[in-house]
Amino acid sequence: VEERVGWTESNVVWSPLGTYMATFHPQGVALWGGPKFSQITKFSHHAVQFIDFSPRENYVVTFSAFPLHKGGVGEDGGASIIVWDVRTGAKKRAFQAGRV
């Protein structure tokens, strides 16, 4: 059992195999793991509301309905959907979600 103040601002999501715990913050998502649940990496995506891991935990997809626009603070560049490499923390692809 690990106790820590301020683990998350809203949600917690476990990866499919239980290797990682993702916590949500205004700046993006932090990934925790290992024996002491130390921070593995973070994904900078403003106001993320939903994430999903690939079945083997190689990738994570983040979604924000309120991404920052290009030139704003942060690295999301206005993208609504971003695919990340879990191992390296690198952004693999980014997509704009259309308005309905």
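**Strands and a buried valine**

Colleague: What order do the strands of the open sheet have, and how do they pair?
Modeller: The open sheet has four strands in the order 1-2-3-4, with antiparallel pairing, where strands are DSSP runs of E of at least two residues, numbered from the N terminus, and two strands pair if DSSP finds at least two bridges between them. This is a predicted model, in which local features need pLDDT of at least 70 and side-chain atom pairs count only at pLDDT 80 or more, while totals for chains, interfaces and linings use all residues. Residues are numbered from 1 along each chain as its sequence is written, and side-chain values use heavy atoms, with hydrogens and water left out.

Colleague: Which are the edge strands?
Modeller: Strand 1 (12–14) and strand 4 (38–44) are the edge strands, each pairing on one side only.

Colleague: And how many bridges join strand 2 and strand 3?
Modeller: Strand 2 (residues 20–25) and strand 3 (residues 28–33) pair over six bridges in the antiparallel sense, and M21 has W32 in strand 3 as its bridge partner.

Colleague: Switching topic, is V48 buried or exposed?
Modeller: V48 counts as buried because its relative accessibility is 8%, buried meaning under 20% relative accessible area with a 1.4 Å probe and protein chains only. V48 lies in the loop between strand 4 and strand 5 (50–53).

Colleague: What is V48 in contact with?
Modeller: Leaving aside neighbours within four places in sequence, V48 is in contact (heavy atoms within 4.5 Å) with F24, G28, V29, T62, F63 and S64. The C-alpha atoms of V48 and T62 are separated by 6.4 Å, although these residues are 14 residues apart along the chain.

Key. Buried < 20%, exposed > 50% of the residue type's maximum accessible area, 1.4 Å probe, protein only.
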